[in-house]
Amino acid sequence: MKQVSRSIVLIGMMGAGKSSVGRCLSGQTGLALLDTDEMVASKFGISIPEIFSKHGERKFREAETEALRSVKSTEQTIIVTGGGIVLSQQNVEILKRLGVLVWLDGDEETLFARASRKRNRPLLQTKNPREAFSRIMGARRPLYANIAHIRIDTSMLTDQEVVVAILTKLGRANPQPGLPVQDMA
């Protein structure tokens with residue numbers, strides 16, 4: 001297989017473990033880590049919940065697209081995305097150009113339990129967070145499925161086990177820092 005410098009892009013619902021798996025994957029491979037939510041929060045100088053509260057979801061989504069556009073496709077990195085990044089077709093096209101799309105998935109109950117542990121999920125700040133989560137997941141799951149190159153069910157796995165699964169599916173079970181991932185083709 002030929003070596004290419006493609007990034008590993010983590011997509012999926014809140015609670016799937018994108019941030020923690022991204023940190024673990026970065027540590028394992030030695031690749032830089034970019035988190036689109038962190039990039040947006042840094043731009044505004046406030047947290048994601050504060051952005052939603054003060055500026056609304058639309059402004060957040062616009063900033064998310066801007067952050068994604070700023071990622072250099074020539075540098076191989078681990079890219080962690082927010083769960084709703086797939087709602088924009090423009091974002092989907094950028095993601096596809098950036099690298100291998102790894103969908104971290106899981107059963108709905110597990111993902112909701114994980115996501116609701118943190119009280120900083122703006123889209124779950126409703127009268128019925130469970131119902132909101134189910135609705136969001138129902139809308140997003142087909143979008144992830146349509147674009148993902150790889151799907152990993154994180155429901156019963158530790159972060160390290162997810163990393164091993166990703167790297168195995170990429171054909172590199174024992175990565176060395178600085179070596180590019182192998183192309184899926």
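Before we start, please keep in mind that the model is predicted.

Let's begin with the layout. The protein chain has seven helices and five strands. If you walk along from the N terminus, the order of the elements is β-α-β-α-α-β-α-β-α-α-β-α. The chain has 185 residues, and 47% of them count as buried. Now look at the contacts between residues with a separation of 6 or more: 73% of those join residues 24 or more positions apart.

Next, the inside. Which residues have the most contacts within the largest nonpolar core? They are Val102, Leu104 and Ile166, in a core of 41 residues. Let's stay with valine 102 for a moment. Setting aside residues up to four places away in sequence, valine 102 touches Ile8, Val9, Leu10 and Ile11, and also Ile150, Ile152 and Ile166. Apart from that core there is another one, made of nine residues, including Ala41, Ile51, Ala63 and Ala67.

Now for a pair of helices. Please find helix 1, residues 18–29, and helix 7, residues 159–169. Their axes lie 9 Å apart, and the two pack at an angle of about 60 degrees. That angle makes helix 1 oblique to helix 7. As for handedness, the crossing of these two helices is right-handed.

Who makes the contact? On the helix 1 side we have Ser20, Val21, Cys24, Leu25, Gln28 and Thr29. Helix 7 brings Asp159, Gln160, Val162, Val163, Ile166 and Leu167.

Last stop: glutamate 108. You will find glutamate 108 in helix 5, which covers residues 108–117. Is glutamate 108 buried or partly exposed? Its relative accessible area is 24%, so glutamate 108 counts as partly exposed; the cut-off for buried is under 20%.

And which residues does glutamate 108 meet, once neighbours within four places in sequence are left aside? Its contacts are Arg130, Phe133, Ser134 and Met137. Take serine 134 from that group: along the chain, glutamate 108 and serine 134 are 26 residues apart, while 7.4 Å separates their C-alpha atoms.

Terms used. Residues numbered from 1 in each chain as written. Predicted model: local features only at pLDDT ≥ 70, side-chain atom pairs only at ≥ 80, totals over all residues. Heavy atoms only, no water. Core = buried A, V, L, I, M, F, W, Y, C linked by side-chain atoms within 4.5 Å. Buried < 20%, exposed > 50% of the residue type's maximum accessible area, 1.4 Å probe, protein only. Contact = heavy atoms within 4.5 Å. Axes fitted to C-alpha atoms, helices over the stretch in contact; angles between N-to-C directions. Helix = DSSP H or I, 4+ residues; strand = E, 2+ residues; numbered from the N terminus. Parallel < 35°, antiparallel > 145°, perpendicular 65-115°, else oblique. Left-handed = near helix turned anticlockwise from the far one by under 90°.
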